[in-house]
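Open your viewer and get ready to select residues one stop at a time. At each stop, look first, then read on.

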Amino acid sequence: MQALAESDSTTSTSFYISKATNAKGESIGNGFFAGRDHEAGNEITILRRPLVGSLDSQYLEDTCANCYVWTEGASTGTRLYACQKEAWNRGHKHECKSLHPLIGKDMPKAVLACMKLLIRRKYGLISDDEWEKLCQLPTHVDDFKQSGTYENIELMAMGAGQFSLTQNMFNKDFVAAMYMRVLTNSLTLITPSLDPLGLMLDPTLGYINHSCEPNAFVLMDGPSVSLRTLRPIKTGEECQKGVTLDEDRWAREPRNLAKKVKDVADAIIAHEPLAQYPANYVGDSRDEQRVAAIQGKAFAEYAEAQRAQDPEEVIHKIEDAMRLCHQSGLWPVYRQPYAALRDDLIVNLLSMGKYPIAWAQCAKRYKHILPKLYPSPFHPTRVVQTWQMAALAVYLAGDPEGIGAPGVNMGLIAMMLVKQVLDASSMSHGSNSAFARSVRGKAEEMTEELRRSLGGSPDTEVVNHELEVQRDMLMEMGEWIKI
């Protein structure tokens with residue numbers, strides 16, 4: 001579903017902000033529209049940095065709060081001199097008085113982001129134009145009131161106003177409205193490899209709506225933020241990013257539920273009200289309620305696994321949730337939360353040093369999930385996960401035990417995967433991005449290593465043939481894991 005623009009409000013050579021409507025012609029607020037034609041893999045716009053970025057507290061010790069680069073061993077906050085100077089002038093000299101007493105306290109990142117906005121506006125570090133655009137972002141206050149969470153909003157906003165020492169400049173209703181804007185219009189602060197670091201907010205990017213069929217994606221390279229296309233976008237077409245995990249829920253009528261599935265669902269319904277939650281709603285028939293219950297249970301187990309700390313415990317909880325998805329027969333492997341559970345399982349298997357099992361899970365994902373969940377070969381998630389798989393293949397290539405499969409050459413498989421990432425990275429991340437440069441460097445290193453091992457320039461035809469053989473073996477590995 002693509003919305004069409006009614007009229008310009010904010011214009012640019014490559015995009016503009018305007019009123020948007022859905023397929024039924026109903027107004028859905030403002031949207032972000034293409035100001036000209038864009039080819040697939042193009043950069044629509046790039047911001048030097050978002051208006052505000054707020055790191056999660058666990059990253060304050062090892063991540064630069066200015067450029068968001070990992071800097072192990074440095075002191076808390078912004079590390080490098082250039083970053084320190086830039087951050088100080090941008091507002092930290094005013095923020096530190098309010099933020100320093102909060103070190104070590106588990107403050108919600110949305111509260112911290114709201115505080116930064118209020119402080120910077122107080123000292124004239126946010127222009128009138130930027131502030132006006134920020135205040136035009138929707139608050140969704142009616143939704144918060146309807147859900148019964150508005151009292152908590154007021155409490156958090158009171159804290160943001162008091163801790164920022166701006167309560168004499170902004171009244172509590174204004175701060176509450178700003179806090180709601182942060183909650184509903186912010187994006188995840190990420191690394192080029194899509195690792196979440198915290199929260200960011202920018203009035204321009206806040207108008208990018210979600211879609212089940214996205215045509216664009218947001219990416220970061222250090223502090224810079226870009227919006228890139230997943231497919232060609234025409235002038236006047238709305239640019240939309242993908243839905244979040246929590247929005248990807250069951251939306252089909254259940255048919256022919258097996259008796260064991262009905263029994264499991266009935267047991268869930270008898271003990272937990274999951275089928276009644278609006279997010280899990282499928283329909284009012286008994287079978288639809290059963291599907292809602294199982295879906296709710298799967299998402300609940302996913303959330304529980306994320307809260308666990310011990311990797312062994314996490315793996316156990318993830319495998320239980322994956323078993324529920326598999327045995328219910330309701331989930332293809334690429335539907336959420338089944339796919340996200342596998343992603344987390346791979347991460348925890350790697351943290352435990354269980355590399356062969358992690359590889360088998362990666363092969364399953366590579367064959368059965370990535371092409372379905374991310375059809376575009378340069379979708380950033382597909383590219384990054386393939387890159388991570390290539391790194392694991394490099395490690396296994398140097399392990400004498402390998403993966404114990406006859407005829408498998410993990411070095412060539414790693415080279416094949418790196419080449420795929422190399423071919424896609426200029427469209428997924430941009431040819432001059434830190435990620436693309438890193439991939440090019442690794443590809444050149446592997447090519448040189450291959451030349452040395454063969455005593456000169458390899459026969460291209462022979463190498464390509466062997467790569468195809470190894471690709472077929474990789475596809476076979478995708479069948480090793482059944483769940």
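**Stop 1: two loops**

Select Leu194, which sits in the loop between strand E6 (187-190) and strand E7 (196-201). Helices (H or I, at least four residues) and strands (E, at least two) are DSSP runs, numbered from the N terminus. This is a predicted model: local features need pLDDT of at least 70, side-chain atom pairs count only at pLDDT 80 or more, and totals for chains, interfaces and linings use all residues. Residues are numbered from 1 along each chain as its sequence is written, and side-chain values use heavy atoms, with hydrogens and water left out.

Look at the backbone of Leu194. Its phi is near 70 degrees, a positive value in a residue other than glycine. Most residues other than glycine have a negative phi, and most peptide bonds are trans. Leu194 has a relative accessible area of 23%, so it is partly exposed. On this scale, buried means under 20% relative accessible area, exposed means over 50%, and partly exposed is in between (1.4 Å probe, protein chains only).

Now select Leu165. You find it in the loop between H5 and H6. Leu165 is not a glycine, yet its phi is positive, about 60 degrees. It counts as partly exposed, at 41% relative accessibility.

**Stop 2: a cis bond**

Go to Gln336 and Pro337. The peptide bond that joins them is cis, with omega about 5 degrees. Pro337 lies in the loop between helix H9 (311-328) and helix H10 (338-351).

**Stop 3: aromatic rings**

How many aromatic pairs does the structure hold? The count is seven. Rings of Phe, Tyr and Trp (its six-membered ring) pair if their centres lie within 6.5 Å; planes under 30 degrees apart count as stacked, over 60 as edge-to-face and the rest as tilted.

Show Trp131 and Phe170. This pair is tilted, with 6.0 Å from centre to centre and 35 degrees between the planes. Trp131 lies in helix H3 (residues 128-135) and Phe170 in the loop between helix H5 (150-163) and helix H6 (172-185), so the pair ties together parts that are 39 residues apart in sequence. Trp131 is buried, at 8% relative accessible area. Phe170 is buried too, at 10%.

Next, show Trp387 and Phe435. Their ring centres are 6.0 Å apart and their planes are at 70 degrees, so this pair is edge-to-face. Trp387 belongs to helix H12 (residues 380-397) and Phe435 to helix H14 (residues 434-454), so the pair ties together parts 48 residues apart in sequence. Both Trp387 and Phe435 are buried.

Trp131, Phe170 and Phe174 form one aromatic cluster.

One more ring: select Tyr150. Lys145 lies over its face, 5.1 Å from the ring centre. A charge sits over a ring if NZ of Lys or CZ of Arg is within 6 Å of the ring centre and within 35 degrees of the ring normal.

**Stop 4**

Is Gln470 buried or exposed? At 1% relative accessibility, Gln470 counts as buried. It is in helix H15 (residues 460-477). Its side chain makes a polar contact with the side chain of Glu466, at 2.9 Å. A polar contact is a pair of N or O atoms within 3.5 Å; within protein, one must be able to donate a hydrogen and the other to accept it, and residues adjacent in sequence count only if both atoms are side-chain atoms. Leaving aside neighbours within four places in sequence, Gln470 is in contact (heavy atoms within 4.5 Å) with Gly407, Val408, Asn409, Leu412 and Ile413.

Move to Gln388, in helix H12. Gln388 counts as partly exposed, at 38% relative accessibility. Leaving aside neighbours within four places in sequence, it is in contact with Ser193 and Arg365. Gln388 and Val418 are 30 residues apart in sequence and 9.6 Å apart in space, C-alpha to C-alpha.

**Stop 5: cysteines**

A search of the whole structure finds zero disulfides (pairs of cysteine sulfur atoms within 2.5 Å). Select Cys67: the nearest cysteine sulfur, that of Cys64, is 3.5 Å away. Cys67 is buried, with a relative accessible area of 14%. For Cys114, the nearest cysteine sulfur belongs to Cys135, 11 Å away. Cys114 counts as buried, at 0% relative accessibility.
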